[in-house]
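Hi,

Here is the structure I promised to pass on.

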Amino acid sequence: MRSFPLPLALTARISPVVVLAAAGWALTSGPAATPAADKESAPQSASKSPSGASTAAASKAYAASPAPCGSVATATVKSLVPGAKTAGKEIPSTDTKLRRTCSWNALKGYDYRWLDVSYEITDSDEAAAKSYKETITEKSGGGDVPGLGDAAYSVVNLTTEDKQQTREGVVVVQASNALVTITYNGSDFESKKAPSTDEINKGAIKAAKEAVAALEGGQKT
């Protein structure tokens with residue numbers, strides 16, 4: 001079997017994944033943290049108005065992220081990422097109660113696949129909805145996924161580097177005050193072609209459905 005070097009983009013993604021993930025969480029923690037601080041700064045008024053406190057609590061269904069590496073069925077991991085360790089690898093986070101990510105990746109023969117499942121717990125439904133809208137605006141060109149969470153969006157993009165194609169699908173879901181993000185991509189290093197849009201999109205949506213089900217089946221406030 002011939003040896004095919006990974007393209008630079010994928011090599012960079014495999015090697016410093018912890019650093020990249022930490023940087024990503026640092027970016028997402030900025031705007032989302034501001035409304036949380038504002039809402040939590042008024043406990044005195046809440047004590048004088050029980051109805052106001054209950055209204056605020058009602059808009060926050062989830063207090064913590066579920067374990068991301070247990071959010072997708074073993075059979076699904078084997079199907080989407082052949083050859084990967086089904087236990088997955090959780091990426092270090094500055095606050096595991098609010099933000100958690102698990103990754104699976106493997107090169108089987110010449111076929112490479114990567115799957116990320118990420119959870120972010122915001123302070124309220126409104127904060128999650130705002131972050132969701134900002135995210136799908138940045139990732140234009142996709143479409144809605146009906147029947148998944150309160151709102152869901154899927155987009156697939158193709159990139160080429162050194163004649164090697166990589167196709168990546170991203171599904172973003174808002175479920176109450178939680179955001180679930182699935183990233184799924186693949187390449188064939190023999191043909192230098194990427195998997196089809198349909199394969200990547202369906203795989204990402206399948207993982208998203210299971211990740212949202214794991215969230216909904218977890219502990220609520």
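**What I found**

Residues 24 or more positions apart make up 62% of the chain's contacts with a separation of 6 or more, a contact being heavy atoms within 4.5 Å. Before you go further: this is a predicted model, where local features need pLDDT of at least 70, side-chain atom pairs count only at pLDDT 80 or more, and totals for chains, interfaces and linings use all residues. Numbering runs from 1 along each chain as its sequence is written, and side-chain values use heavy atoms, with hydrogens and water left out.

You'll find seven helices and seven strands (DSSP runs numbered from the N terminus: H or I of at least four residues for helices, E of at least two for strands). In sequence order they go α-α-α-α-α-β-β-β-α-β-β-β-β-α.

Of the 221 residues, 41% are buried, meaning under 20% relative accessible area with a 1.4 Å probe, protein chains only.

Now the inside. The largest nonpolar core has 32 residues; such a core is a set of buried Ala, Val, Leu, Ile, Met, Phe, Trp, Tyr and Cys residues joined through side-chain atoms within 4.5 Å. Trp104 and Ile182 touch the most other members. At least two residues each come from H5 (74-80), E2 (99-108), E3 (111-121), E6 (164-175), E7 (178-188) and H7 (197-216), and H7 gives the most, with eight.

Leaving aside residues up to four places away in sequence, Ile182 touches, among others, Leu115, Val117, Val171, Ala204 and Ala208. There's also a second, separate core of seven residues, including Tyr132, Tyr153, Val170 and Leu179.

Cheers

Key
Buried < 20%, exposed > 50% of the residue type's maximum accessible area, 1.4 Å probe, protein only.
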